[in-house]
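Here is a short report on helix packing and sheet layout in one model. The text follows the structure.

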Amino acid sequence: MAASPKTISLEKSDLSEDWTVVLPRRGKKNRVVNKFVIPKRDKEVQLWAPIDLETDPERESKLMQKMQICIQKFENSEFHGNLLNQIKNPDMLDKFLRVLGSEKKMQMVIYGIGSIESYESPRLQLSLAILLKRSFDWIGEIELFDPIISLTESKVLTSLGCSVLSINEQCRRQAVKPTMFFMPHCEVELYNNLLEANWEVDQLNRLIIFGNSFGEYEHHASLFKSSAVAKSRKHVLGIRSFTEELRVNTSSNDFRAFNCTSWHFFSPCTEADLQMMDFDKF
């Protein structure tokens with residue numbers, strides 16, 4: 001049977017505790033690993049593995065070739081150049097460095113990437129993540145999860161330098177260190193889960209979200225006065241007053257994978273700012 005992809009393993013899972021501590025397993029004895037925690041929210045931690053148990057070298061080779069072509073296409077695009085220039089702008093770069101603080105590396109966590117074997121949009125999104133890591137030495141390890149990932153995709157993702165998680169965190173990772181959450185075109189409930197898990201000043205100041213525009217979610221909620229809609233995104237709406245959102249320009253139809261995508265930086269001043277949030281109004 002083919003070797004399993006890189007995974008994470010539970011080191012502490014006492015169900016009487018409020019948090020589960022998880023350590024990534026890297027396979028090298030002296031390599032530094034990043035510790036992270038997942039709030040349980042009274043739910044069992046969901047272990048995950050690809051449902052398909054077989055792959056073959058030809059299929060993996062074809063997918064790797066697809067990815068290499070896509071990375072090259074993306075790297076040579078005007079969109080990629082514009083995005084790099086946006087990040088390198090001194091004002092924008094300062095925002096990243098503020099989140100980075102005294103740390104040397106910012107971890108990247110990718111949620112909801114989709115099937116890179118079946119669709120071009122996930123391949124384009126993954127290409128951007130890989131190129132960002134290559135372009136900026138302050139971007140560290142890339143960890144990734146989507147429940148639909150196949151064994152073939154897991155092996156190719158590992159070969160491309162990503163660690164495929166073996167736990168479905170349901171986007172509830174707590175940012176104990178500076179973390180970029182790369183989540184273009186995820187469902188709003190997943191952004192809400194992430195914010196809820198990090199609803200403290202220190203955690204919010206340590207995370208960046210690259211994903212769907214929160215401003216668009218707020219606009220949509222104002223048009224459709226539905227309590228169910230508002231409840232599913234109450235933390236997304238609640239954080240708006242402490243959010244600086246910078247839109248990504250996608251003028252080309254070739255890159256619809258990033259339509260309505262923004263960088264989100266958070267800066268609540270005190271815990272009281274967060275605790276006083278009236279979620280009942282959403």
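In this predicted model, the axes of helix 1 (residues 57-75) and helix 4 (residues 120-135) come within 9 Å. They cross at roughly 65°. Helix 1 is therefore roughly perpendicular to helix 4, as angles from 65 to 115 degrees count as such. The crossing of helix 1 past helix 4 is right-handed.

Helix 1 makes the contact through K66, M67, C70, I71, K73, F74 and E75. Helix 4 contributes E120, R123, L124, L126, S127, L128, I130, L131 and R134. Nine residues of this contact are nonpolar, six are charged and one is polar.

Seven strands form an open sheet with mixed pairing, in the order 7-6-5-9-10-12-11. Strand 7 (162-164) and strand 11 (243-247) are the edge strands, and each pairs on one side only. From one strand to the next, the twist averages 20°.

Strand 5 (residues 106-111) and strand 9 (residues 179-183) run parallel, joined by four bridges. I110 stands opposite F182 of strand 9.

| Helix | Strands touched | Direction angle |
|---|---|---|
| Helix 3 (residues 90-100) | strand 5, strand 9, strand 10 (207-212), strand 11, strand 12 (261-266) | about 50° with strand 12 |
| Helix 5 (residues 151-159) | strand 6 (139-145), strand 7 | about 145° with strand 7 |

Definitions and conventions:
Residues are numbered from 1 along each chain as its sequence is written. This is a predicted model: local features need pLDDT of at least 70, side-chain atom pairs count only at pLDDT 80 or more; totals for chains, interfaces and linings use all residues. Side-chain values use heavy atoms; hydrogens and water are left out. Axes are lines fitted to C-alpha atoms, for helices over the stretch in contact, and angles run from 0 to 180 degrees between N-to-C directions. Helices (H or I, at least four residues) and strands (E, at least two) are DSSP runs, numbered from the N terminus. Angles under 35 degrees count as roughly parallel, over 145 as roughly antiparallel, 65 to 115 as roughly perpendicular and the rest as oblique. A crossing is left-handed if the near helix is turned anticlockwise from the far one by less than a right angle, and right-handed if clockwise. Contact means heavy atoms within 4.5 Å. Ala, Val, Leu, Ile, Met, Phe, Trp, Tyr, Cys and Pro count as nonpolar, Asp, Glu, Lys and Arg as charged, and the others, Gly among them, as polar. Two strands pair if DSSP finds at least two bridges between them.
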